[in-house]
Amino acid sequence: MQQLAALARDSRALAARAVPLALTQLAQVALTTTDTIMMGALGTEALAAGGLALVIFNQLRTMGVGLVTSVGNQVAAAAARAERAEETDGTAERTDGAEVRGLVRAAMAVATLAGIAGAVLMVLIGQAATWLGQDAAVAHHAQGMLAALSPGLLPCLWFQAIRQFTVGMRRPQALLQITIASVAVNAALNWAFIHGTWGFPELGLTGIGVATSSVYLLSFLALYASARRDAQLAPLLSLDFWHADAPTVRRLLGLGTPIAATYGSEAGFFSVTALLAGSFGAAALAAHTAVNQLIYIVFQVAVGLSHAASINVSRELTLGEYTAARRIKNTALACGAAVTTLVAVLYLTVPELVLRPYFDPSSAGDRQGLDVATGLLAVVAVLQFFDCAQNIGVGLLRGLDDTKSGFRITLVGYWLVGLPAAWLFAYPLGGETRGLWLGLLIGLATTAVLLLRRYSLALTARAAAAPSTAPVGA
């Protein structure tokens, strides 16, 4: 009975953080889903070009987000220390305020540097698209969209820095409202810039990039304004990143660089397979783009679970609760399995309905892409569980402040196992796009098993080394 009560308590604690974060992630992915649907309305070539641009943008954005992701864990640990100090000698104000303000400044400094560097790289990579085996017309359209997306990376990462601060302080609720509002604004701006309505210039595919960059800026301003109105957050929210403490910046970079490399390793794994899919033609790349977007939607649930589990692990370890830290893994995986199973049923029973937003079955031009995408969904039904599990594993290790192991493991799982398998199934064995996704599945499964095993071993070692007064899990 005690174990059931503890499990129920852990589930509620995880859900309290995971549900708002997952809903926020789902609302945020609605931005790119809206973009992808509107690309599809412009035709298969536009969907292929826009998909290529989003792959490059997401690669750099994901790595930038990784650089500031550890801020949430650091803020959560600082807040837990403050609570413990308040219980013992009433020094919470002195313990919490200065440390958290320093973390926010450092996070903004890291986000600014990453945003500028990433924007430059984005444009340069776009110019090299034709050298990477992409169709010349597809590459040309992708370059225009990348030029429009690049300015949006800076406010996107500023938003993420403040987001980690609010999550670490256990006050992420405003994120959901802001992100939902941004979806509506993004759809309206997409339509306006694509078609030149309401006095906006007619930019076609490039207009989607302009709209997305504008929405990132508006979202950052809205989140900042919301945090300034929060009595608990406002005194700790300091954006003068030019006054950031150098040792704190170095500490965040030390923790964040392996996370960025881990995220980049995963995103790069998918980016390379997108380039390989493009070698099979525009229809194959369009199918890959559509299915990848579906995976990205479900992945947001895993991101919410991963962040929530990570923050909870940081807090429990700071308080010496090793048994609770162990249960968090099982709770997060069970929740992830439930969601991915429900989605898999949809993929397998109504594939054309799932893909309808991206392809018109009555169009001869879309029919080939739809056929390829439909075949991929059978693989994706299994793949998404391992994608969810490996993301949870990365978050659990981050809760242990072990950010380097995740990177090393992804190098093995994605690049030493997954990519060779993808090449083998796609080319020598003739599986083409489906073969690429079989390789993705194998790589993600390998990575998930290794990450979760590493967490269990590291937590056991941490518990064994803890003082005898701390609770130790079995």
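What follows is a short chat about helix packing and aromatic rings.

Mentor: Ground rules: this is a predicted model, where local features need pLDDT of at least 70, side-chain atom pairs count only at pLDDT 80 or more, and totals for chains, interfaces and linings use all residues. Residues are numbered from 1 along each chain as its sequence is written, and side-chain values use heavy atoms, with hydrogens and water left out.

Trainee: How are α8 and α13 oriented to each other?

Mentor: The axes of α8 (residues 246-278) and α13 (residues 404-426) come within 7 Å and cross at roughly 15°. Axes here are lines fitted to C-alpha atoms, for helices over the stretch in contact, with angles from 0 to 180 degrees between N-to-C directions. Angles under 35 degrees count as roughly parallel, so α8 and α13 are roughly parallel.

Trainee: Is Phe 220 buried or exposed?

Mentor: Buried means under 20% relative accessible area, exposed over 50%, and partly exposed in between (1.4 Å probe, protein chains only). Phe 220 has a relative accessible area of 7%, so Phe 220 is buried.

Trainee: What kind of pair do Phe 241 and Trp 242 form?

Mentor: Rings of Phe, Tyr and Trp (its six-membered ring) pair if their centres lie within 6.5 Å; planes under 30 degrees apart are stacked, over 60 edge-to-face and the rest tilted. For Phe 241 and Trp 242, the centres are 5.2 Å apart and the planes sit at 75°, so the pair is edge-to-face.

Trainee: Which residues do ring pairs link into a cluster?

Mentor: Trp 158 and Phe 220 form a tilted pair, 5.3 Å centre to centre with 45° between the planes. Ring pairs make a cluster of Trp 158, Phe 220 and Tyr 224.

Key: Helices (H or I, at least four residues) and strands (E, at least two) are DSSP runs, numbered from the N terminus. Angles under 35 degrees count as roughly parallel, over 145 as roughly antiparallel, 65 to 115 as roughly perpendicular and the rest as oblique.
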